[in-house]
Structure formats: C-alpha cells, structure tokens
Amino acid sequence: MSDRKNDSATDVPVHSLANLDLETPEKPYLDSNELIINMGPQHPATHGVLRVILKLDGEKVLGTECVIGYLHRGVEKIAENRTYTMFNPYVDRMDYCAAVSNGLGYCEAVEKLMNVEAPSRAQYIRVILTELNRIASHQLWLGTHALDIGAMTPLFYTFRDREEILKIFERYCGARLTTHAFRIGGCQYETYAGFEKDVKNFLAFFAPKIDEYEALLTTNRIWLERTKNVGVISGPDCIALGVTGPVLRASGVKWDLRKAQPYANYSKFDFEIPIGTNGDTYDRYLVRMQEMRQSMRIVEQAVNGIPEGPIMGKVPKVIKPPVGEIYHSIEAPKGELGYFIVSDGSTQPYRLRVRPPSFVNLQALDLMVRGALVADVVAVIGTIDIVLGEVDR
Amino acid sequence: MPWTSPMVEKYRSQYGSGLDPLTYLGQNYLAVDRSLIPDILRLLRDEEQFDYCVDITAAHYPKREKPFDVIWILYSFARNERVRVKTQIADGASIPSCVPIWPTANWLEREVYDMFGIKFDGHPDLKRILLPDGWKGHPLRKDYGILQQDQEWVQINLGIESGQ
C-alpha cells in the first residue's frame, strides 16, 4: 500500500500531547490544522469497497475525494470477448441488488439493435419482475441506510419482507440475486403454477408493511434530525452533475424514464412519479417510500392484465445484430441505466458501454457533503444509494 | 441515413461539411469534425437546451487513420430528446474537456482516459479512476488482450508472481 502514489492521507502532521504548550494560554490549546482522514475501503458504512478521503476542519467537511475501482472487473472488456447471449448473465453482477433491471436494459438494447420485440406476455412478466425488484432494491436501501444512521430495527423488517420477493424470483428462475431472468427476445421460462397467486399474496402482505416502516421512521424525531436538511442538492445541480433517479426527483424534477420515454409496456400502466421539494435526505427517503407504493400499483395492474401467448419473440438461435449502434436506457432503481452497443455484424459486441447510475450519482457526493459533519457523510452515502459493483463494473 | 430537422439545417449552413447529421433506428447523431469540439457541444447546451450530458465514451478502431471515436450522449429535458455527438481523433491526440459545459463530464472523461488513454485538455484533475494510478496500458484499446495485465504492478503492489 505504501508504494501507491495516491496515499496522500499519510502526509499529515502527527498530533500528540507533547506538542501542546499548556503553559502559554495565548497559544491555542489545540492547533486548528486541516485534517485529512481516510474512510474505507473496508468500512461498514460505505456500502462496499468505497474509499473516501475527507478533508476536515474539526468535524466539518471541507472537501472529499472518492477513490473507486476496488471492484473493477472489466465488464466492458469482457463483453467484447463474449457473444451477446453469453454476456447476458454478466450484467446481473453490476447492480446485484437490482439484477432484473440490468437484464431488462441489456435485453431491450440488443432487441432494439436487432429490431425485434418481445411478445406481450413476456413484456408483462418483465414488468412484474422488474417492479418487484425495484421494491426489493429500495427495501435493501432503506434497511442499510437506516442502520447507518443508527436505526437498527428497520433492517430486520425490510430484510424479512424482501425475502418474500426473493422467494418469487427463486421459484421463477432458480436464483435469488443474480437472476438472469430474461433472454434476448423475451423470457426463457414460463411462469410457474401459482405465480400470479404468489404475486397477489405478496401485494396483500406488503401493503401494510410499508406503513409499518413509515411508522418507525417518518415522524421519528431522531430520524428527522439526522435527515432533514442533510445533503441538500438542488434540481439544477442534479442536472448539471447528471444525477438521475430518486435523487433527482427528490430535488423537485419530475422526470422518470418510464414516463418520459416509455420502454417495455410501461405506457399501459397508470402510476405517478413522486417528487420532493427540498432535495434533502429526508425527501429522498419519502420519494423512495412512495416509489415502492407506485411499484405495487404497477405490479397489481400487470398481474391482473397478464395475457396468454408466447414468451419468446422470433429471435434466431445465433444472435448477430446488423452493423450499427444503439443507446438504450431504462429507469433502474438507482437512476438512468444505459447501454451503448456498437455492432460490427458479428456475434460479439464490438463495443459495449454501460452508463451506470451509481457511478454518475456518486460524483455528487462532494457537493452534497461540503460544509456538513462527518456523521452526515455516512447519511449521504446511504441516501445516494450506490452499489459498488455498478460503480466499478 | 441522413437526419433532417430545422436545428440540423441551421448548423449545417453554419458549419458546412464539418458536420454530418445521421439517424439510425430512430436515434439521431451528429458526426462532427474534431475542430468543432467543444463549440458544437456548447451550442447544443446553450441554444438547444441539451442540458444533461448522459454519457461520454469512446470506441477504438485500430485500422482507421484516426483510430478513436469519442461519443457524447446528450439529453434535453425540455425537448425530451436525445442526440449523440461523435468525433474521430488520432492516437495520442487530445480533445478539449467539456467539464466547463457539464460538470458531470469530470468522472466520465477520467474513465475514457483510464480505459483508452485519450487526453482531455483543460480537465481539472485528469487521472485514472478505476485502475490504480501506477497501472500501465489502457484496457479498452483493441490491442490490449483480455488476459493482459500489468504484471510489474501486480508483483510490486500485491506481492504475488502473477495476477492470473
């Protein structure tokens, strides 16, 4: 480690009691140098291997620098060396809390490039699973974010209820996290017997649970103290920094790709885009709680309207998109997840770029914590909702 | 396929052959000359309301005279429209940074530099972002093998013979 050039955290004067001159009161008892401390990469509140170098004046944050890449696996390089079908499971390993969303974005991008469309039944199954995954992702966010701030109870509640969603995934495709639920052109698996019933049971089970989470936090005075006016970011700042997803909406910008540029069959469903006004940590909490309720509305409409029919479109066995390029993006739980694919007409992508929401959103951390306290850094990292697998790819 | 719209016609008459508006699968892009960067990007933001820079990326075509494509993906909230801007640059050539236009370009340009070795003039802090600072090579270039590693870095920093 000591050979690394970026190890600037070590160039800090050592403070000890011997340096203090307690006899001469005209000198300050403690000198007020800026302090540079290192947070992470192994830290329970950085949600993975994120390293943040903090420049502090006492407890006040003067500036931060994120050091990332500890989880870099070269996903984009791997894509150039795999066929389109072989690369499909890899996308689940980026945002592993919302693997279904990643798969949806990738499959739709390749379908668009090949000019095929998934059949209607597959679209419904996709929407149901993706929205369930959004709920699961927000549950995981809520549990860990509240735990970081000091509220331990919600973690147990959210993980208990998230289990029910993971059980549906497991019954559908055999996996709980890295689901690989969709295929290019539709879905590999038909729904299992009792799928609709399981989903409806979950909706009935989960509706009162959100109220339970809210009862624990929404009017909790400690929660309000720790989240109100913490990590404030304005709408124009969000746009300038490319921040999307719930963070953007909590700052008052009513923009959701499911409405702005509908993909899959989202235009068929009736739902609202919750927005906030202050752009602080509390508003982002409220927006995500509302999003879970809206996702339930979408799932309910989808599961009641699911048509009969084939689940795979007319896709050749060997996937060979024509020469060209495409950018397709979806509203993942964390923000805009985009795939830019360049095809040279062969079975492997010539270039595949992933536009990860976590990576771009994390860039706003510095702006959001300047002038705040060290404890707020933990709250803000939690509220941006990053997954390091997606930041580092 | 060529792309026609009033906006494109305006720039076409202004810049002439330096600008080639195209469309593919319903997605519009502008292939522009290197000399028009960053002017065209600034115009798109200031006059055409493309206020959100979605992504900056690149692609490597080693057989071409100018082997790198740099691609900006832009979105306008007001128009609900996307556009891509593409330019070709030579190996070792640099390109003006657009951090002054969109602050989000900071990390995105650092990633392009890290992966392709393309330098951005005027970037406030151009250094590697995903790979370690001392790493040699730029992995998304086509001549960089999928199993290739900076063995020297691995031996010095990880204390193992090989990363494989």
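Which residues in α3(A) meet which residues in α4(A)? The model is a predicted one, in which local features need pLDDT of at least 70, side-chain atom pairs count only at pLDDT 80 or more, and totals for chains, interfaces and linings use all residues. Residues are numbered from 1 along each chain as its sequence is written, while chains are lettered from A and ligands numbered from 1 in the order in which they are written.

Helices (H or I, at least four residues) and strands (E, at least two) are DSSP runs, numbered from the N terminus. Helix α3 of chain A covers residues 99-114. Of its 16 residues, 16 are buried (20 or more other C-beta atoms, placed from the backbone, within 10 Å of a residue's own). After α3(A) comes A:N115, with a positive phi near 60 degrees.

The partner helix, α4(A), comprises residues 120-149, and the two pack at about 140 degrees with axes 8 Å apart. Axes are lines fitted to C-alpha atoms over the stretch in contact, and angles run from 0 to 180 degrees between N-to-C directions. The helices are therefore oblique, a class left over once angles under 35, over 145 and 65 to 115 degrees are assigned elsewhere. A:V100, A:S101 and A:L104 meet A:R126, A:L129, A:T130 and A:N133, where contact requires C-beta atoms, placed from the backbone, within 7 Å.

Between chains, 30 residues of chain B are in contact with 34 residues of chain A. On the chain B side, β3(B) gives the most, with 6 residues.

Methods:
Two residues are in contact if their C-beta atoms, placed from the backbone, lie within 7 Å. The expected span of a helix is 1.5 Å times one less than its number of residues. A residue is buried if 20 or more other C-beta atoms lie within 10 Å of its own, exposed if 12 or fewer, and partly exposed in between; C-beta atoms are placed from the backbone.
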